[in-house]
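Dear colleague,

Please find below the structure for your attention. A summary of the findings follows directly after it.

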Amino acid sequence: MKRIWLLALNDVRLTVRDKPAFGWMLALPLALMWLFGTVLGGAGSGDPPKIALSVVDRDGGWLARAFVEELADERVDLRELDPADYDTAENRVRTLVIPAGFTAEVVA
């Protein structure tokens with residue numbers, strides 16, 4: 001283990017003596033963080049994006065309604081669909097289908 005520490009210490013000593021290498025070791029990570037932060041537009045800053053979610057309530061019970069109300073949030077763009085409209089292909093993306101009998105089965 002002592003040999004590993006000696007090798008590491010020697011590597012640090014040589015790097016500190018080489019001023020350009022030492023400068024690049026400090027400057028390059030900072031420059032890359034700035035570059036990726038600028039290119040990605042500061043992802044993670046500001047308001048989170050809204051999530052589009054369609055809900056088909058085939059149950060209609062009180063528990064299904066309460067569940068849909070819990071899903072409604074300022075971060076969720078909730079759109080309730082009629083069960084007859086669910087058959088179209090464009091409505092099947094990110095759709096939650098609450099099956100018939102949901103309230104009765106959960107209460108039981």
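Arginine 65 is partly exposed, at a relative accessible area of 30%; here buried stands for under 20% relative accessible area, exposed for over 50%, and partly exposed for what lies in between (1.4 Å probe, protein chains only). This is a predicted model, in which local features need pLDDT of at least 70 and side-chain atom pairs count only at pLDDT 80 or more, while totals for chains, interfaces and linings use all residues. Residues are numbered from 1 along each chain as its sequence is written, and side-chain values use heavy atoms, with hydrogens and water left out.

Arginine 65 belongs to helix 3; helices (H or I, at least four residues) and strands (E, at least two) are DSSP runs, numbered from the N terminus. With neighbours within four places in sequence set aside, arginine 65 is in contact with Asp57 and Glu80, contact meaning heavy atoms within 4.5 Å. Arginine 65 and isoleucine 98 are 33 residues apart along the chain, and 9.9 Å separates their C-alpha atoms.

**Overall arrangement**

The protein chain holds four helices and three strands, and from the N terminus on its elements follow the order α-α-β-α-β-β-α. Of the 108 residues in the protein chain, 15% are buried. Where contacts in the protein chain join residues at least 6 apart in sequence, 76% of them link residues at least 24 apart.

Aspartate 57 is located in strand 1 (residues 51–57). Its relative accessible area is 16%, so aspartate 57 counts as buried. The side chain of aspartate 57 reaches two backbone nitrogens: that of aspartate 59 at 3.1 Å and that of glycine 60, which lies 3.0 Å from a polar side-chain atom of aspartate 57. A polar contact is a pair of N or O atoms within 3.5 Å; within protein, one must be able to donate a hydrogen and the other to accept it, and residues adjacent in sequence count only if both atoms are side-chain atoms. Not counting residues up to four places away in sequence, aspartate 57 touches Ala64, Arg65, Leu81, Pro83 and Ile98.

Proline 83 sits in the loop between strand 2 (76–81) and strand 3 (95–98). With a relative accessibility of 32%, proline 83 is partly exposed. Its contacts, leaving aside neighbours within four places in sequence, are with Val56, Asp57 and Arg58.

**Helix 1 against helix 2**

Two packed helices are described by the angle between their axes and the distance between the axes. For helix 1 (residues 2–17) and helix 2 (residues 19–39), the axes come within 5 Å and cross at roughly 100 degrees. Axes are lines fitted to C-alpha atoms, for helices over the stretch in contact, and angles run from 0 to 180 degrees between N-to-C directions. Helix 1 and helix 2 are therefore roughly perpendicular to each other (under 35 degrees is roughly parallel, over 145 roughly antiparallel, 65 to 115 roughly perpendicular and the rest oblique). Thr15, Val16 and Arg17 of helix 1 make the contact with Lys19, Phe22 and Met25 of helix 2.

These residues comprise three nonpolar, one polar and two charged; Ala, Val, Leu, Ile, Met, Phe, Trp, Tyr, Cys and Pro count as nonpolar, Asp, Glu, Lys and Arg as charged, and the others, Gly among them, as polar.Threonine 15, in helix 1, is buried at 17% relative accessibility. Threonine 15 touches Phe22 and Met25, residues up to four places away in sequence not being counted.

**Aromatic pair**

Rings of Phe, Tyr and Trp (its six-membered ring) pair if their centres lie within 6.5 Å; planes under 30 degrees apart count as stacked, over 60 as edge-to-face and the rest as tilted. The count by this rule is one aromatic pair. Phenylalanine 67 and phenylalanine 102 form it, tilted, at 6.3 Å centre to centre and 40 degrees between the planes.
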